[in-house]
Amino acid sequence: MRDTVLTLKRLFGEEWKNLMLLSIAAAVFSLPLITIGPSLLALHGVLMRIMDGTCDRFREFRSLFRACFWRGLMLEAAAAGYLLVMFWCVALQDAMGSGKAALQTALWVSLFLAGGVAVYLIPLLADKSLSGRQALRGAVDLAVLCLPQTVLATLALYGSIFLFALLYPVSFLLYLLFGLGALAAVTVSLVWPGANELLYSEEA
């Protein structure tokens with residue numbers, strides 16, 4: 001966890017101005033809504049590259065947005081499909097009778113597993129040196145091997161969504177100015193050390 005603390009200090013200390021500007025850039029690039037996926041990939045990719053020292057912040061954001069455009073759209077489609085299945089299962093609860101509790105448990109477990117993989121998958125998909133299959137496999141492996149970080153990152157993800165919903169519409173402006181970048185920074189701080197040690201060190 002020492003590497004995670006150092007990463008947090010760097011992103012929220014030395015890089016706080018860039019983090020805010022990148023958050024605003026991600027929000028602006030997400031305005032058509034259909035481009036939320038590419039924007040998130042670009043934001044996480046820039047933060048990952050800041051940590052390995054190979055990044056010209058805003059030029060890299062634009063470059064990653066273009067390079068990851070179709071990956072981002074596919075990520076959106078997968079997320080939308082997953083949410084539709086979840087809503088369908090929720091709608092079926094009343095008709096399940098004695099199986100309602102089991103279905104609810106399965107839904108909560110599914111949400112945790114999806115979030116645990118997603119926190120690794122989004123930064124890895126931003127790396128064009130990895131194929132989509134490699135990114136997915138790496139995300140699953142890291143989610144299991146770095147379980148404490150996975151739990152914390154998943155809690156940060158769902159906690160931020162809960163706060164956004166709880167404080168809406170006030171939270172909208174906060175997310176626009178800093179929220180997207182802050183959540184991405186916390187996520188990258190938790191997942192980057194494990195990815196750097198277990199994934200990229202093997203490639204080197």
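Predicted model: local features only at pLDDT ≥ 70, side-chain atom pairs only at ≥ 80, totals over all residues.
Trainee: Which residues does Leu183 touch, not counting residues up to four places away in sequence?
Mentor: Contact here means heavy atoms within 4.5 Å. Sequence neighbours up to four places away are not counted. The residues touched by Leu183 are Ala156, Leu157 and Ser160.

Trainee: How far apart in space are Leu183 and Ala153, C-alpha to C-alpha?
Mentor: In sequence, Leu183 and Ala153 are 30 residues apart. In space, their C-alpha to C-alpha distance is 9.3 Å.

Trainee: How many salt bridges does a search of the whole structure find?
Mentor: Side chains of opposite charge can pair when their charged atoms come close. Here Arg49 and Glu60 meet through their side chains, at 2.3 Å from N to O. The count for the whole structure is 1.

Trainee: Which helices hold Arg49 and Glu60?
Mentor: The two residues are 11 residues apart in sequence. They sit in separate helices, so the pair ties those parts together. Arg49 lies in α3 and Glu60 in α4.

Trainee: How are α3 and α4 oriented to each other?
Mentor: The axes of α3 (residues 36-51) and α4 (residues 57-67) come within 8 Å. They cross at roughly 140 degrees. The contact includes Ala42, Val46 and Arg49 of α3, with Glu60, Phe61 and Leu64 among the α4 residues. An angle of that kind is therefore classed as oblique.

Trainee: Are α5 and α6 roughly parallel or roughly antiparallel to each other?
Mentor: The α5 (residues 69-92) and α6 axes come within 11 Å and cross at roughly 175 degrees. Among the contact residues are Leu75, Tyr82 and Met86 of α5, and Leu107, Leu111 and Ala114 of α6. Angles over 145 degrees count as roughly antiparallel. The pair is therefore roughly antiparallel.

Trainee: Which element gives the largest share of the nonpolar patch?
Mentor: The patch covers about 600 Å² and is made by Val109, Phe112, Leu113, Leu147, Val151, Leu152 and Leu155. Two elements give two or more residues: α6 (100-125) and α8 (147-167). Leu113 is found in α6. The largest share, 4 residues, comes from α8.

Key: Residues numbered from 1 in each chain as written. Heavy atoms only, no water. Patch = residues over 30% accessible without salt bridge, like charges linked within 9 Å, V, L, I, M, F, W, Y side chains within 5 Å. Areas by Shrake-Rupley, 256 points an atom, 1.4 Å probe, with all protein chains shown as cover. Salt bridge = Lys/Arg side-chain N within 4 Å of Asp/Glu carboxyl O. Axes fitted to C-alpha atoms, helices over the stretch in contact; angles between N-to-C directions. Parallel < 35°, antiparallel > 145°, perpendicular 65-115°, else oblique.
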